[in-house]
Amino acid sequence: MDLESLTIFARVAELASFTQAAERLGLPKARVSTAIQALEAQLGTRLLHRTTRSVRMTPDGEVFYARCTGVLADVDELGALFQQPAALSGRLRVDLPTGMAREIVIPQLPEFLAAHPLIEIELSTTDRRVDLVGEGFDCVVRVGTLVDSELIARPLGHFEMSNCASPAYLAAHGTPRTLDDLDRHQLIHYAATRGAGADGWEYFDGTRWCIKPMRGSVTVNDAQAYQAACLAGLGLIQMPTSAHAPLLARGELIAVLPQFAARPMPVSLLYAHRGGLSKRLQAWMDWLGKVLAPHLGAAPA
């Protein structure tokens with residue numbers, strides 16, 4: 001597998017055209033077609049769907065493209081290693097929780113791109129747990145306890161938690177003052193994966209963290225839906241304080257039972273160990289850590 005074949009595939013995939021890719025690379029169209037066929041034969045899978053009118057990537061092609069562009073960017077960076085000054089360049093594919101991306105990172109992203117105008121960011125926003133290696137991400141941010149894996153984790157801090165309800169819900173059901181009061185209330189349940197058991201009310205009893213089972217009519221698997229369900233008056237929620245601080249400030253949500261908040265949630269940067277970080281990925285992670293720092297607290301005692 002040679003760099004020319006990877007470059008040819010990347011251009012065809014980006015332009016969705018063998019003809020345009022050949023023109024862009026200054027190669028005969030036949031050379032481009034032959035290179036793609038040889039690459040598919042070597043990999044043992046079809047990378048591109050071809051018709052007389054269109055060219056598009058197969059699912060395997062999309063996975064290969066994500067990894068391919070990372071390799072090509074690494075080669076470009078290696079070639080500029082001893083050039084002064086060495087401007088960072090290449091593409092970064094990263095994944096962030098939806099709310100974090102929308103409320104914190106994207107508003108400040110122009111600052112990063114102004115400092116590194118040759119870097120391209122492919123930003124995925126989702127609350128599901130993506131497969132960093134299989135889906136070709138350079139790094140991801142995870143909120144919550146990490147499961148054992150071969151990924152490298154950089155702890156960033158913890159989200160402080162608070163309990164909330166809408167004014168309409170409290171007007172209809174009353175404001176809980178004690179844990180026993182929760183028996184008369186509804187909890188909006190959150191389950192990250194389909195069929196997963198939803199937790200109850202989490203709190204610290206002075207000695208250990210406990211879960212109080214609570215009834216609830218609604219279960220969601222997305223942080224934005226979780227917040228929206230609370231605004232709609234469907235029940236109580238336990239969520240990172242920073243995620244709904246503007247709603248609390250405007251009175252659209254009301255904090256309840258502050259003495260029984262859930263355990264702070266760890267926030268971590270994860271990346272694959274591939275023999276060293278590229279300079280562009282190191283720059284991104286350092287910047288992201290600084291952007292998130294004002295919203296995070298220290299590890300709980």
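1. The model is predicted.

2. Arg50 pairs with Glu40 in a salt bridge, with the closest N and O atoms 2.9 Å apart. The two sit in distant parts of the chain: Glu40 in helix H3 (residues 29–43) and Arg50 in strand S1 (residues 48–50), 10 residues apart. Glu40 has 10% relative accessibility, so this residue counts as buried.

3. Asp286 and Arg154 form another salt bridge, with the closest N and O atoms 3.1 Å apart. This pair joins helix H9 to strand S6 (residues 152–159) across 132 residues. Asp286 is partly exposed at 35%. Arg154 is partly exposed at 23%.

4. Asp183 forms a salt bridge with Lys212 at 3.0 Å between the closest N and O atoms. Asp183 lies in the loop between helix H6 (167–173) and strand S8 (189–190), while Lys212 is in strand S10 (residues 209–212). Asp183 is partly exposed at 48%, whereas Lys212 is buried at 16%.

5. The whole structure holds 12 salt bridges. Arg91, Arg93, Glu120 and Glu122 are linked in a salt-bridge network.

6. The largest nonpolar core has 26 residues; Met100, Val105, Cys139, Trp284, Trp287 and Leu288 touch the most other members. Helix H9 (279–292) and strand S14 (265–271) are among the elements that each supply at least two residues. H9 gives the largest share, 8 residues.

7. Beyond its neighbours within four places in sequence, Met100 contacts Val105, Val141, Val143, Phe159, Val267 and Leu292. A second, separate core has 20 residues, including Leu6, Val12, Ala35 and Tyr65.

Methods: Residues numbered from 1 in each chain as written. Predicted model: local features only at pLDDT ≥ 70, side-chain atom pairs only at ≥ 80, totals over all residues. Heavy atoms only, no water. Core = buried A, V, L, I, M, F, W, Y, C linked by side-chain atoms within 4.5 Å. Buried < 20%, exposed > 50% of the residue type's maximum accessible area, 1.4 Å probe, protein only. Helix = DSSP H or I, 4+ residues; strand = E, 2+ residues; numbered from the N terminus. Contact = heavy atoms within 4.5 Å. Salt bridge = Lys/Arg side-chain N within 4 Å of Asp/Glu carboxyl O.
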